Amino acid sequence: MSTPYPHPPYPAHPYPQPGAPYPPVSGPGCEVCGALPAAPVTVRGHQGMVVVMRFTRRRGTLCRPCALAVFRQTQRDTLVRGWWGVLSLVVTPVVLLLNLGALARIRRLPAPVTAVWRPPLDPGRPLLRRPAGLLPLAVLAALAVAVPVLIAAGGSEEPSGVRFQPRRNTEPLSVGACAHNDREWPHQDLRNVPCDSPDAQYLITDQHNGYCADGDYYAHLQYSADGVTPLCLHPVRN
Ligand SMILES: [Zn+2]
């Protein structure tokens, strides 16, 4: 079924990344939040238990923020629980270093341009910037190995838009009106604005046959009047 709204020749991207090619928005979405683009990610963990040890593996198709959250959580768990065994003292730095390959792949993923059924995971702060307990433990356990790994894993700052901030706008959106996002994509902090306002970024529409039109975005559920049917956001300008 065709959309009653004029459609751009290709999907409009309201948050273009300077110098970046047009991001791919097809293929499987993130398993956690549904956002695109997403890619297969595998992060390994290790737990030493004095005489035995345990290897863990977290694998999935994830968007950049969700993958970064899984990576940081797993590295943190390995840094805390990895060292407790003679063999584990050797295995843990190897596992931490192997994960840096996964981190490089995660960082090559563009930021999500769609969000479907829930917000992405919060990557939190880079490991090196987390307070209390973690760093002294890791430093004591394997000073020479852990510090370079930590620096490589947590040294660079994420763009501030990836962080969660309190949502300011909680009013449901009005179909037929326009909306402005006060947050940087993929986060949504949407408010109703008149369509003739310079702030208007999206025309708010209902779904057609259960889907938004190609190139449209899905508003988070809390912005619909019934709280269960996502509204569509049709870009009205770039
Ligand atoms: Zn995600």
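This is a predicted model: local features need pLDDT of at least 70, side-chain atom pairs count only at pLDDT 80 or more; totals for chains, interfaces and linings use all residues.
Student: Let's start with the overall picture. What makes up the fold, and in which order do the elements run?

Tutor: The protein has 3 helices and 7 strands. Starting at the N terminus, the order is β-β-α-α-α-β-β-β-β-β. Of its 238 residues, 46% count as buried. Among contacts between residues at least 6 apart in sequence, 64% join residues at least 24 apart.

Student: How do you know which atoms coordinate the zinc ion?

Tutor: A donor has to be an N, O or S atom within 2.8 Å of the metal. The SG atoms of Cys-30, Cys-33, Cys-63 and Cys-66 lie at 2.3 Å, so they count as donors of the zinc ion. Along the chain, these donors follow the spacing C-x2-C-x29-C-x2-C.

Student: What parts of the chain do Cys-33 and Cys-63 tie together?

Tutor: Cys-33 sits in the segment before strand S1 (39–49), while Cys-63 is in the loop between strand S2 (52–62) and helix H1 (64–81). The pair therefore ties together parts that are 30 residues apart in sequence.

Student: Are Cys-33 and Cys-66 buried or exposed, and how do you know?

Tutor: Buried means under 20% relative accessible area. Cys-33 has 0%, so Cys-33 is buried. Cys-66 also comes out at 0%, so Cys-66 is buried too. Cys-63 is another buried residue.

Student: On to helix H2. How do you know whether its length agrees with its number of residues?

Tutor: Helix H2 covers residues 86–108, which is 23 residues. The expected span is 1.5 Å times one less than the number of residues, so H2 should span 33 Å. The end C-alpha atoms of H2 are 36 Å apart, which agrees. Its buried residues include Val-91, Val-95, Leu-96, Leu-100, Leu-103 and Ile-106.

Student: What makes Cys-178 and Cys-195 a disulfide?

Tutor: The rule asks for a pair of cysteine sulfur atoms within 2.5 Å. The sulfur atoms of Cys-178 and Cys-195 are 2.1 Å apart, so the pair qualifies as a disulfide. The torsion about its S-S bond is about 95°, so this disulfide is right-handed. The link joins distant parts of the chain, with Cys-178 in strand S3 (residues 178–181) and Cys-195 in the loop between strand S4 (190–193) and strand S5 (202–205), 17 residues apart.

Student: How many disulfides does that make, and what is the pairing?

Tutor: The count comes to 2 disulfides. With the bonded cysteines numbered in sequence order, the pairing is 1-2, 3-4.

Student: Why does Arg-168 count as exposed?

Tutor: Exposed means over 50%, and Arg-168 has 61% relative accessibility, so Arg-168 falls in that class. Arg-168 is found in the loop between helix H3 (134–154) and S3. Leaving aside residues up to four places away in sequence, Arg-168 touches Asp-182 and Asp-189. The C-alpha atoms of Arg-168 and Asp-182 are separated by 8.4 Å, with the two residues 14 apart along the chain.

Student: Last one: what is the predictor's confidence in the protein, and where is the pLDDT below 50?

Tutor: The mean pLDDT is 77, and 72% of the residues reach 70 or more. Over residues 1–23 the pLDDT is below 50, and this stretch has 36 contacts in the model beyond near neighbours in sequence. Residues 155–164 also stay under 50, with 26 contacts beyond four places in sequence.

Technical notes: Residues are numbered from 1 along each chain as its sequence is written. Side-chain values use heavy atoms; hydrogens and water are left out. Donors are N, O and S atoms within 2.8 Å of the metal (3.2 Å for Na, K and Ca); water is not among the atoms, so sites may look incomplete. Helices (H or I, at least four residues) and strands (E, at least two) are DSSP runs, numbered from the N terminus. Buried means under 20% relative accessible area, exposed over 50%, partly exposed in between (1.4 Å probe, protein chains only). pLDDT is the predictor's confidence in each residue, from 0 to 100. Contact means heavy atoms within 4.5 Å.
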